[in-house]
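Below is a briefing on one predicted model. Please look over the sequence and the coordinates before reading the points that follow.

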Number of protein chains: 2
Amino acid sequence: MPMKKQKDPLCGMILHAERGKCASCEVRALSICAPLDRSALEVLADLSEVVNFRKGDSICAEGDPVDYFFTVQSGALKTCRLQSGRRDLVTGFLFGGDFLGLAFFAGQIEADTHYPYAVRALSKGRLCRLPRQAFSKFIADYPLIEKQILAKISLKLEQAENHILLLGRKNAREKISSFILQLDDAQRFARQNLESDFQGVDTVDFPLARHDIADYLGMTPETVSRALTQLKEDGLIRQLSSRCVALVQRQMLEEIAAG
Amino acid sequence: MPMKKQKDPLCGMILHAERGKCASCEVRALSICAPLDRSALEVLADLSEVVNFRKGDSICAEGDPVDYFFTVQSGALKTCRLQSGRRDLVTGFLFGGDFLGLAFFAGQIEADTHYPYAVRALSKGRLCRLPRQAFSKFIADYPLIEKQILAKISLKLEQAENHILLLGRKNAREKISSFILQLDDAQRFARQNLESDFQGVDTVDFPLARHDIADYLGMTPETVSRALTQLKEDGLIRQLSSRCVALVQRQMLEEIAAG
DNA sequence: CGGTGGGTTGAGTAACGTCAAGTAACGTGG
DNA sequence: CCACGTTACTTGACGTTACTCAACCCACCG
């Protein structure tokens, strides 16, 4: 059984570690590997391993040494900072195509670095794992990858600044509205780029629990719940299930989110 | 007279635009130019211009095209995001040695980019200005600089995550304590690296007004003031003037800041 | 059919924001 | 250098928001 507080990151996680199949990678278009050619992918496939994780698994703890980089293939993860005697703070999420290890890259690939946050799984899923040393060498030969990583860091910084604005100056209603739209954007983007032929109503899935949303938005689960029911009562969203809502009035949501 | 809301960024600002003197730059050790050799500095000096700014000047507005990069030589600036009908949010500060333009760099030096925040002066000071195009070419010849920029972006991201933690999970008292320590660290670091021979009591200068602190910490000036007097009453700090405090019990401050 | 965990709802409270008054600090012009 | 006007800062009274603690509901699972 998956323990609530895993002391052995990764140990219980790897069910079937097997050589990566980069050529047929489903999320390549979203990942840092997007610009690589056939031969580069062959080289990379020899470095990479696919590992599975289950809901609740700990990928790494705060302060762990960074021995691997990861690309998320499926599932959802959260990066969080712990505080003694208080709710954690979730600094961000990782979905298919996202890269884990960004912050440790810039300029200090050779240095011994440590994770500044813990990473935990919100659902089951799959990671592509790359040994740090080997991948660092690989990058040296394929500068295109470095550019991709730079672009991702830049994006991350922009997201962080938006998050700062949200935490610093928005109330519960505005936070929730922003969050729903954020998820919606991410899910539209993924659908579009992976060329899935899905075309339905504008619905948003929450791949996480209320308390995770709360920890991301700097509030409590109760307040999250209350803000959601308020939006529901105002007819801005419709709740299909506890983990899925339909956007009824996107325009209005955007206005609220903007403040 | 400097207007409160400047519509013409930079126009009123440049008093004496003159060729940079990189060889004798006072903040080089702190800046991205630190690793450059004599000949590189000569080249750079031809690209750069020194411009002066006064308290309240607007360096750029949100959405302005990025035509120049800057290194701060002296004085203090804030980067802020505006919100209609609400207090601004200050996302960060720039002091001597800091580089302005980081976020626009990564991976898209050639693209037409825009500032995601406004930059305003908190005091008078001096900037080193570099035309974007020319500096981008310069970087291509001196990869050391690119590494420096990467390191700075990485640092920025780390700071952003700390800021997120502060805004999301700390109360007024903890926010102020963190802020004081942050300023103290920055000021110690600057003193140390610039090898000033100053050796006094452990005091911290606030190069900014209460409302700027409030906008940075996601609170109001009144609450900032109250939190400061509380720390004063508890004997953790001593107030030498409205813009300068002495750290009486650094240890305790650190404990409070950590939560 | 009871147990469990996630989610919602309610009542009371603490923390912070708002509004307003008062005080100290500063810069300017005489 | 002083008098004045302006701005920044502090303090107080009050209102609002979101947190805390608790009960309850519901879906899912043994």
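What is the accessible surface of chain A, and what share of the surface belongs to carbon and sulfur atoms? The accessible surface of chain A is about 12300 Å², and 52% of that belongs to carbon and sulfur atoms. Areas come from the Shrake-Rupley method with a 1.4 Å probe, and for residues only the protein chains shown count as cover.

This is a predicted model, in which local features need pLDDT of at least 70 and side-chain atom pairs count only at pLDDT 80 or more, while totals for chains, interfaces and linings use all residues. Residues are numbered from 1 along each chain as its sequence is written, chains are lettered from A and ligands numbered from 1 in the order in which they are written, and side-chain values use heavy atoms, with hydrogens and water left out.

**Chain A overall**

- Chain A has eight helices and twelve strands; helices (H or I, at least four residues) and strands (E, at least two) are DSSP runs numbered from the N terminus.
- Of the 259 residues in chain A, 48% are buried, where buried means under 20% relative accessible area (1.4 Å probe, protein chains only).
- Counting contacts between residues at least 6 apart in sequence, 74% in chain A join residues at least 24 apart; a contact means heavy atoms within 4.5 Å.

**Relation of the two copies**

- Helix α4 (residues 143–169) of chain A and helix α4 (residues 143–169) of chain B have axes that come within 9 Å and cross at roughly 25°. Axes are lines fitted to C-alpha atoms, for helices over the stretch in contact, and angles run from 0 to 180 degrees between N-to-C directions.
- α4(A) and α4(B) are therefore roughly parallel to each other, the class for angles under 35 degrees.
- Residues making this contact include A:Leu150, A:Ile153, A:Leu157 and A:Ile164 of α4(A), and B:Leu150, B:Ile153, B:Leu157 and B:Ile164 of α4(B).

**B:Thr91**

- B:Thr91 lies in strand β6 (residues 89–94) of chain B and counts as buried at 9% relative accessibility.
- Beyond its neighbours within four places in sequence, B:Thr91 touches residues of both chains, among them A:Glu161, A:Ile164, B:Tyr117 and B:His163.

**Helix α6 of chain A**

- Helix α6 (residues 210–217) of chain A has seven of its eight residues buried, so α6(A) is largely enclosed by the rest of the structure.
- A:Gly218 follows α6(A) and has a positive phi, near 65°.
- α6(A) packs against helix α7 (residues 221–233) of chain A at an angle of about 100°, with the axes 8 Å apart. The two helices α6(A) and α7(A) are therefore roughly perpendicular to each other, the class for 65 to 115 degrees.
- In this packing, A:Arg210, A:His211, A:Ile213 and A:Ala214 of α6(A) meet A:Pro221, A:Val224 and A:Leu228 of α7(A).

**A:Ala118**

- A:Ala118 is in strand β8 (residues 118–121) of chain A and counts as buried at 1% relative accessibility.
- Leaving aside its neighbours within four places in sequence, A:Ala118 is in contact with A:Cys60, A:Ala61, A:Glu62, A:Lys78, A:Thr79 and A:Cys80.

Conventions: Buried < 20%, exposed > 50% of the residue type's maximum accessible area, 1.4 Å probe, protein only. Parallel < 35°, antiparallel > 145°, perpendicular 65-115°, else oblique.
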